[in-house]
Amino acid sequence: MQVQLILIFVALLWGLNPSAMEVGLLSVEPMSYNFIRMILAGVLSWLVARKMVTFKSLRHCGYKEIMIASGGFFLFQIFFTTGVKLTTVGNASLILSCLPISVAVINYLHKFEQANVNLGYSIICSLVGVIIMIFSTGQSFSLESNHLIGGIMLLLAQFCYAYYTVFSKQSIKEYSPYQVTTYILLISTILLLPFSFNDFYQTNWSNLPWEAWASIFYSGIFPLFLGNILWIWGAGVIGSNKASLYNNLPPVFSVMLGCLFFDEKFGWLNLLGVSLIISGLLISKKNSNNT
């Protein structure tokens with residue numbers, strides 16, 4: 001039960017993140033924003049990891065797994081940042097909710113984890129729940145050419161994130177989640193440098209309003225640093241197939257945030273969508289208790 005609660009907490013952090021990022025992106029270009037929060041998360045992860053664990057030397061197999069996970073995380077940043085600007089929020093939410101499918105496929109191809117009927121039911125419930133949530137909040141779908149390109153970018157983004165989830169989970173069989181997260185964040189930040197250097201250099205960091213800095217610090221410390229350590233740890237405990245289902249909880253918290261602070265309505269469609277997403281998690285949990 002503890003790991004499920006922690007993954008729900010991670011989903012909460014990620015659900016609040018888009019609203020927090022919107023504040024910072026009013027003053028900072030997306031690539032600059034992403035790069036500075038990656039630096040913050042990477043440095044913080046390194047400092048915490050050096051205090052918490054003794055770093056183990058990487059074997060060839062461990063090095064390979066961490067490099068694949070880092071590549072997936074880095075490419076997610078590129079494709080997500082590009083894709084989300086080219087398509088609708090509805091398209092983005094639907095495509096990103098396909099993560100459990102991609103994780104299950106990757107696990108099957110690499111023979112890491114086995115899928116079963118209950119997992120299939122969990123994924124279907126969760127996916128239908130997200131679709132209903134999209135309709136209930138008035139978000140739209142579009143197949144126009146630019147939205148289609150954005151959709152392809154986001155499809156690649158979630159597939160890359162699936163590789164990050166699967167291979168980071170494999171890495172913590174031998175290495176601490178702190179060490180794995182630190183390596184992934186630092187490697188991804190270095191890879192991101194050529195893509196963000198120009199915007200980063202041209203940003204007048206000294207004149208940023210405090211709200212932008214608060215946004216950067218929240219997004220870098222909580223969703224990016226803390227969220228990914230707990231995500232990798234949780235995937236290691238219950239498996240990446242089941243952990244990936246919690247990726248579809250952030251829209252639930254986003255809707256709840258809108259109801260609490262922005263006077264948005266919570267109707268029966270919202271309730272149905274939330275119920276289906278939670279049902280998917282309960283089916284998955286029931287399956288884990290039976291194995």
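This is a predicted model: local features need pLDDT of at least 70, side-chain atom pairs count only at pLDDT 80 or more; totals for chains, interfaces and linings use all residues.
We begin with the packing of helices. Two packed helices are described by the angle between their axes and the distance between the axes. Helix H8 covers residues 177-202 and helix H9 covers residues 210-238; their axes come within 9 Å and cross at roughly 125 degrees. The crossing of H8 with H9 is right-handed. On the side of H8, the contact is made by Pro 177, Tyr 178, Val 180, Thr 181, Ile 184 and Leu 185, while H9 contributes Leu 224, Asn 228, Ile 229, Ile 232 and Trp 233. Sorted by class, this contact of H8 with H9 comprises 9 nonpolar residues, 2 polar residues and no charged ones.

Helix H9 also packs against helix H2. The axes of H2 and H9 come within 9 Å and cross at roughly 55 degrees. H2 and H9 are therefore oblique to each other as well, and H2 passes H9 in a right-handed crossing. From H2, the residues that meet H9 are Tyr 33, Ile 36, Arg 37, Met 38, Leu 40, Ala 41, Leu 44, Ser 45 and Val 48. Their partners in H9 are Ser 215, Ile 216, Phe 217, Ser 219, Gly 220, Ile 221, Leu 224 and Phe 225. In this contact of H2 with H9 there are 12 nonpolar, 4 polar and 1 charged residues. Leu 224 of H9 takes part in the contact with H8 and in the contact with H2.

We turn next to charged side chains. Side chains of opposite charge can pair when their charged atoms come close. How many salt bridges does a search of the whole structure find? The search finds 2.

Glu 174 belongs to the loop between H7 and H8, and Arg 59 to the loop between helix H2 (30-52) and helix H3 (60-83), so the pair ties together parts that are 115 residues apart in sequence. Glu 174 counts as partly exposed because its relative accessibility is 29%. Arg 59 is likewise partly exposed, at 43% relative accessibility.

The other salt bridge is formed by Glu 113 and Lys 169, whose closest N and O atoms are 3.3 Å apart. Glu 113 lies in the loop between helix H5 (99-110) and helix H6 (117-136), and Lys 169 in helix H7, so this pair ties together parts that are 56 residues apart in sequence. Are these two residues buried or exposed? Glu 113 counts as buried because its relative accessibility is 14%, and Lys 169 is buried with a relative accessible area of 9%.

Two further residues complete the tour. Ser 171 is found in helix H7, which spans residues 145-171. With a relative accessibility of 1%, Ser 171 counts as buried. Apart from its neighbours within four places in sequence, Ser 171 is in contact with Glu 65, Ile 66 and Val 180. Val 180 is also one of the H8 residues that make the contact with H9.

Leu 282 is placed in helix H12 (residues 268-290). Leu 282 is exposed, its relative accessible area being 53%. Although Leu 282 and Ser 122 are 160 residues apart in sequence, their C-alpha atoms are 8.0 Å apart in space.

Technical notes
Residues are numbered from 1 along each chain as its sequence is written. Side-chain values use heavy atoms; hydrogens and water are left out. Axes are lines fitted to C-alpha atoms, for helices over the stretch in contact, and angles run from 0 to 180 degrees between N-to-C directions. Helices (H or I, at least four residues) and strands (E, at least two) are DSSP runs, numbered from the N terminus. A crossing is left-handed if the near helix is turned anticlockwise from the far one by less than a right angle, and right-handed if clockwise. Contact means heavy atoms within 4.5 Å. Ala, Val, Leu, Ile, Met, Phe, Trp, Tyr, Cys and Pro count as nonpolar, Asp, Glu, Lys and Arg as charged, and the others, Gly among them, as polar. Buried means under 20% relative accessible area, exposed over 50%, partly exposed in between (1.4 Å probe, protein chains only). A salt bridge is a side-chain nitrogen of Lys or Arg within 4 Å of a carboxyl oxygen of Asp or Glu. Angles under 35 degrees count as roughly parallel, over 145 as roughly antiparallel, 65 to 115 as roughly perpendicular and the rest as oblique.
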